[in-house]
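Reader: I would like to learn how to read a few features of a structure like this one, step by step. Could you take me through them, with the general idea first where there is one?

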Number of protein chains: 2
Amino acid sequence: MQIAILLYDRFTALDAVGPYEILGRLPGAEVVFTGVAAGPVRSDLGSLVLTVERPLAEVTAPDLLLIPGGPGTEALLADRAVLEWLRAADAATSWTTSVCSGSLLLAAAGLLAGRRATSHWAVLDQLAALGAVPCDERVVFDGKYATAAGVSAGIDLALHLAGRIAGDRTAEAIQLVVEYDPRPPYDAGSVATAAPELVASLRASGLVVTGG
Amino acid sequence: MQIAILLYDRFTALDAVGPYEILGRLPGAEVVFTGVAAGPVRSDLGSLVLTVERPLAEVTAPDLLLIPGGPGTEALLADRAVLEWLRAADAATSWTTSVCSGSLLLAAAGLLAGRRATSHWAVLDQLAALGAVPCDERVVFDGKYATAAGVSAGIDLALHLAGRIAGDRTAEAIQLVVEYDPRPPYDAGSVATAAPELVASLRASGLVVTGG
């Protein structure tokens, strides 16, 4: 089973690496990091550099496609070569998936037309203009299309996918290997639980965290 | 604040990238991926390649040191140059931290002598032979030393650190940006909740997930 993860300038690292850590442990999985050109790709925070090992032209028929999000998504929404590659790859997949603002890219390629999908809370409403049906949920499945909310939600998405692909027992084994028994010390991980003024200040800042 | 993350052959990607995604958002943070030599470093699952941007010799006084775990830890436990670098870097830090089997490396360097520490469940008991006091907890603080359990526990560790470094409000803002509101679809993420036969089979396999 070939799993293709798209990398691009200013992607969000955990969007890609969370699902990688889960899906890469599926028996028979071959993960391929792909992008416009082979070589280094820098993530949004600046100091993390992942490597594209095979360019898009060499990844023509993945079984599972995963599109991470990040500030760099925006520049790709009008990139005809990337959108064309997404449509062609999607024609081959059993699963087409995204994390965070990656769903905007799937929608821009026309792959989520009329489908239920989720995204990072700060951009969720943009899905509608791109033809999808925004759902304020952490993980959304609509046929072979599976989308996750922001950043860390990709880990939950990947465990759902692992269960559907290889069965509950295998998914549970992977969960135990990566000791995914989350215990966040705060309860501010969603718009529903965070303080309203925190949500407002982050929206205003473009998600840049400031001191205090 | 300089945050140094050690990379080495066959590290576990999420051990490094989970904390990176949290700590890299702290106001004033400068993250440096370091390792024996500058250049690409391949993670344990084979297809993920991160880049060491500055070699150990150029990272002499980090404020925060984070050591990820992985199968590659074992080879470093007797690497005198790396252990010496750990001791020298630790002399400068405000926080010395690890995820997963990274704590074995801190202990081998003599930094956890008599200190409470945690690690991946499968290697937790090895800490005692290296002079530390093993604690079956997800995140353990002992003075400036903070250790996390396996792989995904690094995200929880990093949020604890964010709160201590920059205050609760900033840590909560980061949690909301990365939408860390975990909803694992299974409850097999710890030895306490997983089926005993699953724990036994993973121990016997060396944590390799098999089908079924």
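Reader: Which exposed residues does the face of α3(B) turned away from its buried side carry?

Author: In this predicted model, that outward face of α3(B) carries B:Arg80 and B:Glu84, both exposed. On the buried side of the helix, which spans residues 80–90 of chain B, you find B:Val82, B:Trp85, B:Leu86 and B:Ala89. Viewed down the axis of α3(B), these buried residues fall within an arc of 105°, so they line one face of the helix.

Reader: What do the buried residues of α3(B) pack against?

Author: Their partners, which belong to chain B, are the strands β1 (2–6) and β6 (64–67) together with the helices α2 (73–76) and α4 (102–108).

Reader: How should I describe two helices that pack against each other, and at what angle do the axes of helix α1 of chain A and helix α1 of chain B cross?

Author: Two packed helices are described by the angle between their axes and by the distance between those axes. Here the axes of the two α1 helices, residues 13–23 in chain A and residues 13–23 in chain B, come within 9 Å and cross at roughly 150°. Because angles over 145 degrees count as roughly antiparallel, α1(A) and α1(B) are described as roughly antiparallel to each other. Their crossing is left-handed. On the α1(A) side the contact is made by A:Ala13, A:Leu14, A:Val17, A:Gly18, A:Tyr20 and A:Glu21, and on the α1(B) side by B:Ala13, B:Leu14, B:Val17, B:Gly18, B:Tyr20 and B:Glu21. Sorted by class, this contact has 8 nonpolar, 2 polar and 2 charged residues.

Reader: How many residues of chain A are in contact with chain B?

Author: The size of an interface is often given as the accessible area lost when the parts come together. Counted by residues instead, 67 residues of chain A are in contact with 67 residues of chain B. Among the elements that each supply at least two residues to the chain A side are α1, β2 (30–35), α6 (153–166) and α7 (168–177), and the largest share, 10 residues, comes from α7(A). By class, that side has 38 nonpolar, 18 polar and 11 charged residues.

Notes
Residues numbered from 1 in each chain as written. Chains lettered and ligands numbered in written order. Predicted model: local features only at pLDDT ≥ 70, side-chain atom pairs only at ≥ 80, totals over all residues. Axes fitted to C-alpha atoms, helices over the stretch in contact; angles between N-to-C directions. Helix = DSSP H or I, 4+ residues; strand = E, 2+ residues; numbered from the N terminus. Parallel < 35°, antiparallel > 145°, perpendicular 65-115°, else oblique. Left-handed = near helix turned anticlockwise from the far one by under 90°. Contact = placed C-beta atoms within 7 Å. Nonpolar A, V, L, I, M, F, W, Y, C, P; charged D, E, K, R; others polar. Buried ≥ 20, exposed ≤ 12 C-beta atoms within 10 Å, placed from the backbone. Arc of directions from axis to C-beta.
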